Amino acid sequence: MHMEPIIKVENLTAGYGETVILKDINFQVAAGEIFVILGGSGCGKSTLLKHLIGLLPPLEGRVLIEGRDLTSADGQERLEILRRIGVSYQGGALFGSYTLAQNVRLPLEEITDLPESALEMIAWMKLMMVGLGDFGDSLPSAVSGGMQKRAALARAMALDPAVVFLDEPSAGLDPVTSAELDALILRLRELLNMTFVIVTHELASIYAVADRVIMLDKSTQGIIADGKPQELRDHSEDPQVRRFFLRQAEPESQ
């Protein structure tokens with residue numbers, strides 16, 4: 001049975017005002033997929049992410065979430081679409097004066113009318129899912145960077161979204177903590193059949209978790225690779241793609 005993609009990007013031109021960053025982008029993300037967006041500095045990864053989560057309107061084209069057009073939706077329809085996605089920003093973006101449990105509760109308090117007892121229970125359950133069940137009363141400053149990233153992931157999952165977007169989840173983490181976060185993402189996908197869209201350039205994490213990647217390119221303002229990371233590393237005919245996956249420096253110009 002053919003499944004409708006959970007995310008569909010059609011003819012997307014993205015940028016800021018008159019400045020075009022990405023031009024005529026097309027791709028799809030399947031339900032349950034771990035999909036990675038990568039590329040060099042300034043290629044448009046963060047710009048694309050902001051369009052996918054509705055922070056920026058496209059200059060052209062559209063973004064569909066579960067078949068619904070986020071680009072043109074407004075009012076209640078837009079809120080309903082946004083409820084189906086969760087976001088964990090680079091660095092975690094936790095509120096420092098709130099405990100981890102209070103941070104996780106924030107989306108629930110904003111969107112729902114659940115009673116206090118339900119808010120507490122859901123926050124605790126989400127923290128349990130990411131291995132932080134004993135740290136709900138801790139402030140972000142009292143836990144490690146890896147634990148802050150896990151708490152941010154728990155908050156992104158607070159409303160049981162269909163898709164979770166992660167912006168550079170491994171940034172600033174040591175290799176062991178990064179590998180533990182990768183394992184957590186894989187476990188959550190298996191447990192909840194959740195779709196993840198991850199912006200990263202960490203090769204170890206890409207190889208560990210990605211079902212599929214797209215690689216953006218600054219000079220062409222588009223996608224220069226789409227596929228499984230190991231296959232792109234071994235078989236891509238684009239020298240820029242091969243260099244990225246093999247960690248090779250740009251050849252010096254003569």
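Reader: Which helices each supply at least two residues of the lining of the second largest cavity, and which of them gives the largest share?
Author: Happy to start there, with the reminder that this is a predicted model. The lining includes Asp182, Ile185, Ser205, Ile206 and Val209. H6 and helix H7 (203-209) each supply at least two lining residues. The largest share, three residues, comes from H7.

Reader: Thanks! What is the volume of the largest cavity, and which elements give two or more residues to its lining?
Author: Its volume is about 60 Å³. Among the residues around it are Lys149, Leu153, Leu166, Asp167, Leu181 and Ile185. The elements giving two or more residues to that lining are H5, S7 and H6.

Reader: Is H5 mostly covered or mostly open, and how many of its residues are buried?
Author: Buried here means under 20% relative accessible area. Gly146, Met147 and Leu153 are among the residues of H5 that pass, and the cover over its buried residues includes helix H3 (100-111), helix H4 (116-129) and strand S8 (195-199). So, with that cut-off, H5 is mostly covered, and the number of buried residues is ten of twelve.

Reader: Why does the length of H5 agree with what its twelve residues should span?
Author: At 1.5 Å a residue, H5 should span 16 Å.

Key
Residues are numbered from 1 along each chain as its sequence is written. This is a predicted model: local features need pLDDT of at least 70, side-chain atom pairs count only at pLDDT 80 or more; totals for chains, interfaces and linings use all residues. Side-chain values use heavy atoms; hydrogens and water are left out. Helices (H or I, at least four residues) and strands (E, at least two) are DSSP runs, numbered from the N terminus. The expected span of a helix is 1.5 Å times one less than its number of residues. Buried means under 20% relative accessible area, exposed over 50%, partly exposed in between (1.4 Å probe, protein chains only). Contact means heavy atoms within 4.5 Å. On a 1 Å grid over the protein atoms alone, a cavity is a set of points where a 1.4 Å probe fits but cannot get out, and a pocket is an open set with protein on both sides within 12 Å along at least five of seven lines; lining residues have an atom within 4 Å of a point. Grid points are joined across faces, edges and corners, and a volume is the space filled by probe spheres set on the points.
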